[in-house]
Amino acid sequence: MRIVGLTGGISSGKSTASNLFKSHDIPVVDADIVARDVLKKDTGGYKGVVAAFGDDILQANGEVDRPKLGQIVFSDPGKRQLLNRLLAPYISSGIW
């Protein structure tokens with residue numbers, strides 16, 4: 001089986017290409033969806049991120065406030081690297 005990785009910046013056509021693959025019954029794994037799943041409440045990724053960034057990143061329902069976390073990590077490269085190190089193993093497992 002051949003595996004192809006599709007990357008690119010915002011508005012580069014990734015979704016269009018992904019939809020084209022799907023329309024031809026080619027399986028697609030969307031890493032963005034996997035990344036959202038690994039941050040769901042009570043998962044290993046969630047627990048690691050909350051331990052590292054604190055309860056301030058949580059919404060009232062206990063889920064991660066992704067925009068708030070985004071503001072933190074995109075304003076501090078060290079924190080972005082920390083988030084990537086915490087979530088990369090879970091995202092990789094979700095993809096494979």
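Analyst: Let's start with what counts as an element: helices are DSSP runs of H or I with at least four residues, strands are DSSP runs of E with at least two, and they are numbered from the N terminus. By that rule, the protein chain has 5 helices and 0 strands, and its elements read α-α-α-α-α from the N terminus on. Keep in mind that this is a predicted model, where local features need pLDDT of at least 70, side-chain atom pairs count only at pLDDT 80 or more, and totals for chains, interfaces and linings use all residues. Residues are numbered from 1 along each chain as its sequence is written, and side-chain values use heavy atoms, with hydrogens and water left out.

User: How big a box do the C-alpha atoms of the protein chain fill, and what share of its residues count as buried?

Analyst: Along the principal axes, the C-alpha atoms fill a box of roughly 45 × 25 × 25 Å. Buried means under 20% relative accessible area, exposed means over 50%, and partly exposed is in between (1.4 Å probe, protein chains only). Of the 96 residues, 20% count as buried.

User: Why do Asp37 and Lys40 count as partly exposed?

Analyst: Asp37 has 35% relative accessibility and Lys40 has 45%.

User: What makes a pocket a pocket, and how is its volume worked out?

Analyst: Rolling a probe the size of a water molecule over the atoms shows where empty space is left. On a 1 Å grid over the protein atoms alone, a pocket is an open set of points with protein on both sides within 12 Å along at least five of seven lines, and lining residues have an atom within 4 Å of a point. Grid points are joined across faces, edges and corners, and the volume is the space filled by probe spheres set on the points. The largest pocket comes out at about 990 Å³.

User: Which residues and elements line the largest pocket?

Analyst: There are 26 lining residues, and Val4, Leu6, Val28, Val29 and Asp30 lie nearest the centre. The elements giving two or more residues are α1 (14–23) and α2 (31–37), with the largest share, 7 residues, coming from α1. For classes, Ala, Val, Leu, Ile, Met, Phe, Trp, Tyr, Cys and Pro count as nonpolar, Asp, Glu, Lys and Arg as charged, and the others, Gly among them, as polar. That sorts this lining into 12 nonpolar, 9 polar and 5 charged residues.

User: What about the second largest pocket?

Analyst: About 380 Å³ of space lies there. Its lining has 16 residues, with Ala35, Phe74, Leu83, Asn84 and Leu87 nearest the centre. Two or more residues come from each of α4 (66–74) and α5 (77–95), and α5 gives the most, 8 residues. By class, the lining has 11 nonpolar, 3 polar and 2 charged residues.

User: Phe74 lines that pocket. Why is Phe74 called exposed?

Analyst: Phe74, in helix α4, has 64% relative accessibility.

User: What is the phi of Ser11, and what is the phi of Asp25?

Analyst: Most residues other than glycine have a negative phi, and most peptide bonds are trans. Ser11, in the segment before α1, has a positive phi of about 60° without being a glycine. Asp25, in the loop between α1 and α2, has a positive phi near 60°.

Technical notes:
1 Å grid on protein atoms, 1.4 Å probe; cavity = no way out; pocket = protein on both sides within 12 Å on 5 of 7 lines; lining within 4 Å.
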